[in-house]
Amino acid sequence: MSGQHFGNSTCCVPGIGDKIFRQALKVRTMNSTHTSESNALLSNASNVLAITAHEFKTPLTTITSIVDLLSTKLQTDHHMTPFYEKHLSRITSEIFSLNNMLDEMLTINNILSGSIETRKELLYVEEHLVPLKEQFHSLTDDGETFEINISGTPRKIFASPSQITRILTNLVSNAFKYSRQHAPSVRLDYGDSSLAITIADDGIGIPAGDLPHLFQPYYRGSNTNGIAGTGLGLTIVKTFVSANDGDISVTSEPEKGTVFTLVFRYP
Amino acid sequence: MNARILLIEDKAGLLETLKSLLELHDYSVITARNGEEGLSMAIQHLPDLVISDIYMPAINGYELLDRFREHAQLCKIPVLITSAKKEDNEIKDAMQKGAAGYLVKPFVFAHLHEQIKKALAKH
């Protein structure tokens, strides 16, 4: 398997990953040489993007609720068929994909505008995985979800709850998107000084030539044509892993699958 | 007796859909279009549970939680918050102000229903 390691030691400013950091710097340098009017414009554009993305959430909730309403009514009236069930579930699934893209856009916007806040606290990672397991069970067409395997004695790590959830959501969501025969698996290995989280799939894999660019914004694997995605998910993962003093590495083999490993040291 | 739920949401389409969904699940539902109206409905009807948005005209969801906590009877009613905001500080603020649960929009009804059942069982 080909592999790449991306530790926070390679990054000169903790919390900001390679290329995205350079982009943020570029934006800030531009800001410093521009007039206050253009600074205000940049800031306004960023605010408009944030407000618009948030405003999208209500109609998305209304649509998912209408799908839930139709499903409930069809079930209550004994008119539900596997056909209706499958396609109603597809609407919900697509809504959540759209929502995911919005979240990625919002997060990148926050990273670039320097408004990402990392509020760390002591937390058990497992507590953030269990709701995800239920969420994927509700969202996948066939009610499939992932397995969680644990070894060692669970210990808390010091990290931002929302960023840990985001990291796990993105990696598990990718694993579902690319896996073929089996549901992805998630392992938590509690070692003496750190926790290793492994997310594995049996999917299409990542060509060796793509691995060094995997965490760059908008970069998508050369074998992902026809598979939806923004190319921002792994950039966000890398940025948040670094912001929480963790390490991320990936090994992959085309047509066999991909394994992402995260390591967080105990406080 | 079916639990009575007060639903506070300023977006008419979502309010109507959630009301129908809750009624299909045998809840009795009353509605309000903003925090101020929600507060007076709560005082008047003393529902078993409140589901409220955060960002609304007049009284917002946070202020509503404060008013509930200060009121002798309303302080016993569980309030579930629904919001498009998923930042840690937003969730923490709502929970510290006494919310019984916090759902990030968009959500599927199954998750809302779980939180409703949990909150009603607790109170």
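Two strands pair if DSSP finds at least two bridges between them, and helices (H or I, at least four residues) and strands (E, at least two) are taken as DSSP runs numbered from the N terminus. On this basis, 5 strands of chain B form an open sheet in the order β2-β1-β3-β4-β5, with parallel pairing. Because β2 (28–32) and β5 (101–104) of chain B stand at the edges with a single partner strand each, one side of each is left without a neighbour in the sheet.

The model is predicted: local features need pLDDT of at least 70 and side-chain atom pairs count only at pLDDT 80 or more, whereas totals for chains, interfaces and linings use all residues. Residues are numbered from 1 along each chain as its sequence is written, while chains are lettered from A and ligands numbered from 1 in the order in which they are written.

Confidence is given as pLDDT, the predictor's confidence in each residue, from 0 to 100; the model itself scores ipTM 0.92 and pTM 0.71.

| Part of chain B | pLDDT |
|---|---|
| Helix α4 (residues 88–96), lowest | mean 89 |
| Strand β1 (residues 4–8), highest | mean 98 |

Within the sheet, strand β4 (residues 79–83) of chain B is joined to β5(B) by 4 bridges, and S83(B) stands opposite V104(B) in β5(B).

Between the chains, 22 residues of chain A are in contact with 19 residues of chain B, contact being C-beta atoms, placed from the backbone, within 7 Å. To the side of chain A that touches chain B, α2(A) gives the most, with 14 residues.

Definitions and conventions:
Two residues are in contact if their C-beta atoms, placed from the backbone, lie within 7 Å.
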